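Please work through the exercises below with the structure at hand. Each task is followed by a solution in steps.

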Amino acid sequence: MAASLARRINRRLQPFGLRLATLPVWLIGLAIALMWAMPFVWMISTSLKFPADVMTVDVEWLPRRATLENYAKVFTEYPVARWFFNSIFVAAVSTGLNIVFGAMAGYALARLRFPGRNFLFFLFIASLMVPTEITVVPLLLAIIKIGWWNSYQALICQPLTYVYSVYIFRQFFLSFPRDLEDAAKMDGASHFLIFWRIAFPLARAPLIAATVIVFTFNWNNFLWPLLAVSDESMKTLPVGIAAFAPVIGTRTQLEGFSLGMAGITILSVPTLLLFFFLQRYFIQGLSSGAVRG
Amino acid sequence: MTATVAAQDRTAPARPRAEADPVDWIGYVFVAFFTVPFLLFNIAPIFFGAYVGFTKWGIFGKPKWVGLQNFTDAFKDEFVAIAFKNTILYGLIIVPCVVVIGFTFALYVNQRWPLSSLARTLFFSPYVVSATVIGLVWVWMFDTQFGLINHYLAYFGIADVPWLTSTNWSLIGVSIASVWWDLGLAFVLFLAALQDVPRDLYEAAEVDGASRWQRLWLVILPQLRPVISLVVTLQMISSLRIFSQVYVMTNGGPASSSSSVIFYMYIEAIFRQHFGYASAVAILLFLMIIVITIVHRLVVRER
């Protein structure tokens with residue numbers, strides 16, 4: 001009786017690739033996956049609470065009265081709008097330049113023949129062995145010397161060096177057929193024209209992957225912006241919002257966590273949305289590149 | 001037939017031409033746009049930092065060459081010792097957790113059961129947010145009195161763990177948040193590698209009557225050795241560089257119990273303006289990373 005029931009259930013489950021024995025594993029896995037995202041849910045929920053409703057004896061997953069007051073307060077009492085602009089501006093400019101320069105270098109390393117080309121690629125890859133943290137103090141001294149401290153140039157110059165984009169474009173052009181480019185060369189087109197009008201537009205996949213990944217790194221960049229600027233008006237969003245941490249600022253100690261949670265919700269939404277919509281490029285890009293910052 | 005002829009036609013003249021190909025001088029222009037900032041803002045600071053490490057360099061006055069003094073000072077500095085000890089502990093806690101949990105999650109998603117793409121999205125999502133987000137949300141969840149974690153632990157009779165406010169727990173608290181943050185990369189690398197394991201390998205093992213566990217240990221894991229080694233190396237380097245979580249969550253405290261090497265470097269550089277000393281500490285960390293990476297490679301090759 002029980003055996004035949006089990007067989008019936010197994011038949012039902014088969015189209016889903018499940019069996020009675022694996023059913024609990026599937027459910028437990030899903031529960032863990034949902035738990036994994038709970039910090040985000042808790043963050044958003046707390047950001048919608050009145051400060052007085054935050055510290056409660058029982059956990060209240062849903063705010064008993066919801067409010068957008070924290071968001072309004074974050075924008076009016078702190079230069080969050082300015083930090084947001086700084087972050088967008090710095091991340092957009094440094095990502096754009098890094099991608100275009102990286103694509104040109106990647107194209108040249110894959111397609112053009114000139115002495116030193118292999119050494120250059122070796123140098124790029126070898127530099128990944130040196131953590132960026134090692135270079136920030138000397139770079140800061142240099143920046144101060146040339147008067148760039150507290151400037152956009154300072155924030156933008158360091159992320160121009162991400163090797164990831166060179167690597168991913170070189171990889172793409174190495175395996176991409178060169179028929180179209182050869183045809184254009186026969187017609188007497190210059191290398192620059194071939195790259196800009198033919199090769200670069202064809203490299204859609206690495207272009208999207210590199211853009212979303214490099215943009216995310218730039219948006220989240222922390223140590224360098226922390227050192228390179230100190231004026232409130234020049235801070236980027238991650239560095240500015242970090243002042244809501246109880247160990248850094250006093251605000252949270254006085255008012256509780258609702259303001260800080262509103263701040264980090266604003267900070268996390270752009271990259272989370274980017275990831276949700278362009279997930280495929282993110283994951284493929286990272287697993288073929290395996291590079292961080 | 002015609003296709004092969006056409007293919008030959010296309011390749012035949014290309015061969016001799018390739019050998020006599022003139023140098024594409026324009027290539028230097030192509031790489032210059034990336035290479036110039038790269039040399040200025042990445043390579044030059046490495047060498048400049050090596051020089052600064054041998055000097056006494058404050059915010060005012062001229063830098064003074066002091067030879068190895070910064071390094072001998074560092075060996076006598078008890079805070080450097082604490083920072084290095086903590087950094088190694090971070091590595092020893094975070095790396096195994098990320099590898100084991102990341103691999104388990106990848107195995108689960110790779111089953112392609114219903115909703116597995118939702119699980120993939122959720123497992124990866126913390127990786128794309130900033131250290132400030134990770135730090136603040138975990139500070140709130142680790143709150144001793146009102147935090148989520150202690151609230152649910154109370155059901156198991158565990159009362160009021162001072163996650164970030166006691167010297168015994170702060171390093172563990174920061175490590176837990178770091179595992180949540182870092183896991184995404186390991187997870188997708190494992191998942192990509194699992195999807196590359198040839199299907200017929202599974203099927204052959206199934207025919208031979210291997211159990212699920214035997215298949216995992218004897219068939220899948222040996223295939224994945226390169227990617228496991230890659231993940232361990234990447235995660236080890238990123239854990240030894242730990243800074244931003246520490247900065248946001250504990251500021252190294254209480255009493256330096258969660259301080260790390262890069263955090264100490266930051267304090268020395270920014271608050272005490274000991275730029276030479278800070279660079280020397282950074283160089284010591286870099287040397288340690290190199291030694292650990294080489295040892296790891298040797299161990300992997302041995303097997």
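This is a predicted model: local features need pLDDT of at least 70, side-chain atom pairs count only at pLDDT 80 or more; totals for chains, interfaces and linings use all residues.

Residues are numbered from 1 along each chain as its sequence is written, while chains are lettered from A and ligands numbered from 1 in the order in which they are written.

**Exercise 1.** Determine how α3(A) is oriented to α16(A).

Step 1. Helices are DSSP runs (H or I, at least four residues), numbered from the N terminus; α3 of chain A covers residues 38–47 and α16 of chain A covers residues 258–277.

Step 2. The two pack at an angle of about 120 degrees, with their axes 7 Å apart; axes are lines fitted to C-alpha atoms over the stretch in contact, and angles run from 0 to 180 degrees between N-to-C directions.

Step 3. α3(A) is therefore oblique to α16(A), since angles under 35 degrees count as roughly parallel, over 145 as roughly antiparallel, 65 to 115 as roughly perpendicular and the rest as oblique.

**Exercise 2.** Describe the side of chain A that touches chain B.

Step 1. Contact (C-beta atoms, placed from the backbone, within 7 Å) joins 77 residues of chain A with 74 residues of chain B.

Step 2. α16(A) gives the most to this side of chain A, with nine residues.

Step 3. The residues of this side divide into 56 nonpolar (Ala, Val, Leu, Ile, Met, Phe, Trp, Tyr, Cys and Pro), four charged (Asp, Glu, Lys and Arg) and 17 polar (the others, Gly among them).

Note on methods: Two residues are in contact if their C-beta atoms, placed from the backbone, lie within 7 Å.
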